[in-house]
Amino acid sequence: MLKLDLYVRFALIVGCLILGLVLSVWQGFWYGFPLFIVALVLIAGYILLGTIRSASELLQEQRIDEAEARLALTKFPQWLFPANKAYFYMIQANIALVRKDPKKAEGLLREASKYDMPSGNESAVIELQLANIAAQKNNWPEVNQRIQVIRKLKVTEPMILEQAEMLEKAYRNRGNVKLAQRMGVGTQGQGSKRRRPKMR
């Protein structure tokens, strides 16, 4: 697939519109018409696809501020293709997680989960992230709910399958985790008061 840089796209749109207008005035509308069509196609691509791809690449390179700024250039997220809407919210959620804002990330991921994804892999990633946030809040019923959703998805990526398996193990061992947490707190509290036994 042809990858067109965002700013090159903008430059082509402006250039085609200006040149098309000039040709229309000097030679007649039909001389500039093909350039207007090219500009419309480029504009439609920007509106329907947004800046998702380039923002995702910047995020993968850990260029967080640049990724956020690039994503902000998608001015009409409500007009994106459904999958691109989901990616739009997913990228925002990942940025929120990097910035230690799980509450904001959770809301964005829930919004992303409303849209159909191209494959079960992408849907599973959303469910895994929501399940991990729920696990951090000890909301194990929701974790189980997310696990059941993942089981119904057609997941082919080994890494995602491995993460799903780890999540299921954490859910099965949730009782031990809670017990360990309680014992750890209790032990810490007792440790400060424990006296050394007298030597005889």
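Aromatic pairs, salt bridges and a buried threonine

Modeller: A search of the whole structure finds 9 aromatic pairs. This is a predicted model, in which local features need pLDDT of at least 70 and side-chain atom pairs count only at pLDDT 80 or more, while totals for chains, interfaces and linings use all residues. Residues are numbered from 1 along each chain as its sequence is written, and side-chain values use heavy atoms, with hydrogens and water left out.

Biologist: Why is the aromatic pair of Phe88 and Tyr89 called edge-to-face?

Modeller: Rings of Phe, Tyr and Trp (its six-membered ring) pair if their centres lie within 6.5 Å, and planes under 30 degrees apart count as stacked, over 60 as edge-to-face and the rest as tilted. Phe88 and Tyr89 are 5.4 Å apart centre to centre with 80° between the planes, so the pair is edge-to-face.

Biologist: What makes Tyr89 and Tyr115 a stacked pair?

Modeller: Their centres are 6.4 Å apart and there is 10° between the planes, so this aromatic pair counts as stacked. Tyr89 lies in helix H5 (residues 82-98) and Tyr115 in the loop between helix H6 (102-112) and helix H7 (120-136), 26 residues apart; helices here are DSSP runs (H or I, at least four residues), numbered from the N terminus.

Biologist: Why does Thr51 count as buried?

Modeller: Buried means under 20% relative accessible area, exposed over 50%, and partly exposed in between (1.4 Å probe, protein chains only). Thr51 has 3% relative accessibility and therefore counts as buried.

Biologist: How do you know that Arg110 forms a salt bridge with Glu142?

Modeller: A salt bridge is a side-chain nitrogen of Lys or Arg within 4 Å of a carboxyl oxygen of Asp or Glu. The closest N and O atoms of Arg110 and Glu142 are 2.8 Å apart, so the pair is a salt bridge. Arg110 lies in helix H6 and Glu142 in helix H8 (residues 140-152), so the pair ties together parts that are 32 residues apart in sequence. Arg110 is partly exposed at 31% relative accessibility, whereas Glu142, at 9%, counts as buried.

Biologist: Which residues are linked with Arg110 and Glu142 in a network of salt bridges?

Modeller: The network also includes Glu106, Glu127, Lys137 and Arg146.

Biologist: Why is Lys114 called exposed?

Modeller: Its relative accessibility is 60%, so Lys114 counts as exposed. Lys114 forms a salt bridge with Glu111, the closest N and O atoms being 3.0 Å apart, and Glu111 is partly exposed at 22%.

Definitions and conventions
Helix = DSSP H or I, 4+ residues; strand = E, 2+ residues; numbered from the N terminus.
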